[in-house]
Amino acid sequence: MTIRHHVSDALLLDYATGSLGEGWSIAVASHLALCPSCRKRLTLMESAGGALFSVTHAAPSDGPAIDDSWARMRARLLDKPDAGNLPSAPSPAMKSPVAPTLPEPLRSYVGGDVDTLQWRSLGRGAYHLPIATGDKSTSVRLLRIPAGGPVPEHGHRGRELTLVLAGSFHDETGVFARGDFEEADEDLEHQPVAMPGADCICLAVTDAPLRFRSWVVRLAQPFLGI
Amino acid sequence: MDYGGRVRLDCQNRSGMFGVIQLATAHVSAAMRVDFVQTAAASQVSIVTPGGLSRAGRLSRERVHMDEETEQDTRDAMTALLLSVGRTQDVTAFETLFRVFGPRIRSYMLRLTRDGGLAEELMQETMMTVWRKAGQFSAEKGSVATWIFTIARNLRIDSYRRSRRPEIDPNDPALVPDGDPQADSVMETRQSEESLRAAMTRLPTEQREILMLAFFDELPHSQIAVTLDLPLGTVKSRIRLAFGKLREALEETA
Ligand SMILES: [Zn+2]
């Protein structure tokens with residue numbers, strides 16, 4: 001599997017610093033599971049954070065004297081002598097004969113792999129599955145687009161992240177297959193079409209409430225008659 | 001390299017903290033004396049191994065700024081301390097780490113919370129996690145500072161923002177493994193850390209400023225653009241340039 005479309009530096013930095021909301025982060029982290037090179041880029045960013053962290057100087061007035069802080073900490077350690085030394089590494093999970101289609105953290109969010117999901121029909125072979133998160137500012141869902149099915153030309157108001165999990169689609173910017181990550185904003189006018197051969201399953205994260213012109217809604221329009 | 005020796009800590013209260021650690025280990029041959037001074041009123045930590053004071057003599061002349069070699073020794077010492085905590089629940093080693101990182105974690109928490117008491121609580125929770133998870137630390141994967149930073153960051157998200165951070169599961173059968181897991185030896189990691197720090201000091205101020213706002217004030221890049229009154233595209237391209245340079249510096253090391 002060769003991934004051609006990766007997470008941008010700006011978005012990955014938001015994830016590295018912790019400022020990226022839960023909904024967007026599901027898409028970024030699920031790409032990371034499929035993409036060793038972006039994991040390496042994330043490590044670099046976290047190391048940059050660590051470097052900034054260790055050269056930062058604590059202002060003397062930041063809080064209680066460090067001796068007092070340590071006295072509290074020490075009391076807690078003595079209070080819970082068994083709290084230390086978690087196992088050095090969790091034992092590796094049983095390798096299933098066939099790797100799941102959905103990587104973590106996505107698989108836990110949807111409660112299983114693709115074949116166990118309760119897809120909701122959009123009609124004419126298209127399905128979707130809304131995913132509940134604690135982040136009310138985004139809308140997260142899986143989409144299953146029939147092989148060869150076109151998506152109407154559309155633009156975006158706000159950000160839209162798409163991660164391909166199975167099959168593929170293409171638009172003016174290229175072909176997107178498993179692991180490929182598309183970051184679209186209002187500047188991008190594109191016309192995605194699922195490639196023939198296999199249904200295209202992807203994760204789509206958009207600003208909530210769903211914008212009228214977003215891909216997801218435009219996809220549903222011909223079927224729902226809205 | 002094995003730092004599995006005992007660590008002895010004598011603490012004297014002297015306008016802050018002055019600690020002398022003796023790394024009594026059979027495997028560390030070079031004498032190490034590390035001074036680092038955080039601020040005028042801050043703590044000093046000295047690490048001395050028995051038998052050698054030649055470098056100590058040189059370093060004592062230069063107490064305010066760490067030279068590169070000293071910085072490296074400091075990081076090695078921090079690694080040794082954390083490994084000792086993980087292996088034997090070494091409270092004295094943990095105390096040294098606490099006195100070094102505690103104030104930094106507190107400043108980090110304070111930037112977002114603006115509440116000294118809350119920042120102290122979050123610092124205590126972070127160090128408690130460091131204590132509990134020390135056995136999971138692996139020197140091959142990066143520095144102590146980076147490891148502690150990620151713990152502090154995750155705690156800030158969970159406890160302060162009350163949000164979840166979706167993350168990969170290293171044992172997920174769907175995870176696509178790294179091409180060559182043996183590629184980074186400890187030595188390469190250490191060298192690349194040095195290169196990284198050096199490269200970061202060479203970044204233009206406009207790029208460093210963005211990294212500071214991103215890491216410490218936890219501003220997403222879109223908010224950084226608003227804060228600095230810059231077009232979004234400018235912020236994105238500065239981030240791209242900054243990490244391009246850092247990557248380049250690491251590739252030169254490799
Ligand atoms: Zn990638």
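Biologist: In what order do the 6 strands of the open sheet of chain A stand?

Modeller: This is a predicted model, in which local features need pLDDT of at least 70 and side-chain atom pairs count only at pLDDT 80 or more, while totals for chains, interfaces and linings use all residues. Residues are numbered from 1 along each chain as its sequence is written, chains are lettered from A and ligands numbered from 1 in the order in which they are written, and side-chain values use heavy atoms, without hydrogens and water. Strands are DSSP runs of E, at least two residues, numbered from the N terminus, and two of them pair if DSSP finds at least two bridges between them. With antiparallel pairing, the order is β1-β2-β3-β9-β4-β7.

Biologist: Which are the edge strands of this sheet?

Modeller: An edge strand pairs on one side only. In chain A these are β1 (120-123) and β7 (181-184).

Biologist: Is A:Ile131 buried or exposed?

Modeller: A:Ile131 lies in strand β2 of chain A. Its contacts (heavy atoms within 4.5 Å), not counting residues up to four places away in sequence, include A:Leu106, A:Val140 and A:Leu203. Buried means under 20% relative accessible area, exposed over 50%, and partly exposed in between, with a 1.4 Å probe and protein chains only. At 8%, A:Ile131 is buried.

Biologist: What is the bridge partner of A:His170 in β6(A)?

Modeller: Strand β5 (residues 169-171) of chain A pairs with β6(A) in the antiparallel sense over 3 bridges. The partner of A:His170 there is A:Val175.

Conventions: Helix = DSSP H or I, 4+ residues; strand = E, 2+ residues; numbered from the N terminus.
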